[in-house]
Amino acid sequence: TIPHGHYLVIERGSTLPLLKSYFNAFDAVSQSAYERLVGIGAKRFLDELDAAMHESIQANMAEGGPIGVALSGGVDSATLTAIAARHGDIQAINVSVPHGRDLDERPMAEAVARHVGVPLSIVTMSGDLYRRELVDATRANEMPFWHVQNLGYYLASRRARELGIRALLCGDTLPTALRLEGLDAATLAPSRLLHCGPPCPA
């Protein structure tokens with residue numbers, strides 16, 4: 001497999017591909033912020049992280065209007081859902097893959113939604129649906145898919161639009177926000193904020 005932050009270059013006439021790096025998380029870390037966070041102790045670190053996450057999510061919800069959360073049931077989206085629910089009414093959306101039991105996160109999403117007390121809308125993925133929507137989803141993404149989840153996000157945003165949701169919060173890479181400049185809310189914004197307006201023109 002290709003490591004994160006790398007790509008392969010295959011040159012004509014070469015027998016082996018060349019592995020090149022395009023991103024290294026360590027290059028993006030603020031040394032001063034890192035040293036400060038290491039030195040403040042676990043409790044204060046968690047308190048600052050909690051406050052920054054609340055501030056960031058609340059800021060994303062401040063414009064008003066219905067807000068959705070893409071809820072897989074994993075740690076990132078469950079945390080995002082629980083915090084967002086404290087700041088207003090939200091609608092959770094899950095993309096279920098019932099034919100792949102090891103891949104289907106619906107039971108976890110249902111458990112989180114039940115525990116937090118938010119409504120959950122399920123989009124059921126099938127092979128036919130995947131093939132039927134792939135072209136439009138790729139066009140809306142404006143680039144080739146790099147991960148199978150891209151189609152899931154497209155379907156979740158479309159469901160959000162059908163439900164009248166203004167924006168869909170997604171926390172799929174929330175921990176990577178910590179590589180930025182400390183714990184201010186601007187750097188802890190949810191990793192994607194999908195505005196659920198009309199579809200992109202073809």
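**Figure 1. Contacts across the chain in the predicted model.** Of the contacts in the chain with a separation of 6 or more, 63% are accounted for by residues 24 or more positions apart. The model shown is predicted. Its chain has seven helices and seven strands, and the elements follow one another from the N terminus in the order β-β-α-α-α-β-α-β-α-β-α-α-β-β. Of the 202 residues in the chain, 35% are buried. The chain exposes about 12,500 Å², and carbon and sulfur atoms supply 56% of this area.

**Figure 2. The aromatic pair of Tyr-7 and Tyr-22.** The structure holds one aromatic pair. Tyr-7 and Tyr-22 form this pair, with ring centres 6.3 Å apart and 35° between the planes, an arrangement that counts as tilted. Because Tyr-7 lies in strand E1 and Tyr-22 in the loop between E2 and helix H1 (25-28), the pair ties together parts that are 15 residues apart in sequence. Tyr-7 is partly exposed at 36% relative accessibility, whereas Tyr-22 is exposed at 57%.

**Figure 3. The surroundings of Glu-105.** Glu-105 is found in the loop between strand E4 (90-96) and helix H5 (106-116). With a relative accessible area of 30%, Glu-105 is partly exposed. Apart from neighbours within four places in sequence, Glu-105 is in contact with Ser-72 and Asn-94. Glu-105 and Gly-73 are 32 residues apart in sequence, yet their C-alpha atoms are 6.3 Å apart in space.

Figure 4. Ser-157 belongs to helix H7, which spans residues 149-162. The side chain of Ser-157 reaches the backbone oxygen of Tyr-153 at a distance of 2.5 Å. Ser-157 has 15% relative accessibility and so counts as buried, since the cut-off for a buried residue is under 20%.

Figure 5. Arg-36 is partly exposed, its relative accessible area being 37%. A salt bridge is also formed by the side chains of Lys-43 and Asp-47, at 3.0 Å from N to O. Lys-43 and Asp-47 are four residues apart in helix H3, so about one helical turn separates them. Lys-43 is exposed at 61% relative accessibility, while Asp-47 is partly exposed at 42%.

Figure 6. In a salt bridge of 2.9 Å from N to O, the side chains of Arg-139 and Asp-136 meet. Both residues lie in helix H6 (residues 127-141), where Arg-139 and Asp-136 are three residues apart, or about one turn of the helix. Arg-139 is partly exposed, with a relative accessible area of 40%, and Asp-136 is likewise partly exposed, with 37%.

Conventions:
Residues are numbered from 1 along each chain as its sequence is written. This is a predicted model: local features need pLDDT of at least 70, side-chain atom pairs count only at pLDDT 80 or more; totals for chains, interfaces and linings use all residues. Side-chain values use heavy atoms; hydrogens and water are left out. Helices (H or I, at least four residues) and strands (E, at least two) are DSSP runs, numbered from the N terminus. Buried means under 20% relative accessible area, exposed over 50%, partly exposed in between (1.4 Å probe, protein chains only). Contact means heavy atoms within 4.5 Å. Accessible areas come from the Shrake-Rupley method with a 1.4 Å probe; for residues, only the protein chains shown count as cover. Rings of Phe, Tyr and Trp (its six-membered ring) pair if their centres lie within 6.5 Å; planes under 30 degrees apart count as stacked, over 60 as edge-to-face and the rest as tilted. A polar contact is a pair of N or O atoms within 3.5 Å; within protein, one must be able to donate a hydrogen and the other to accept it, and residues adjacent in sequence count only if both atoms are side-chain atoms. A salt bridge is a side-chain nitrogen of Lys or Arg within 4 Å of a carboxyl oxygen of Asp or Glu.
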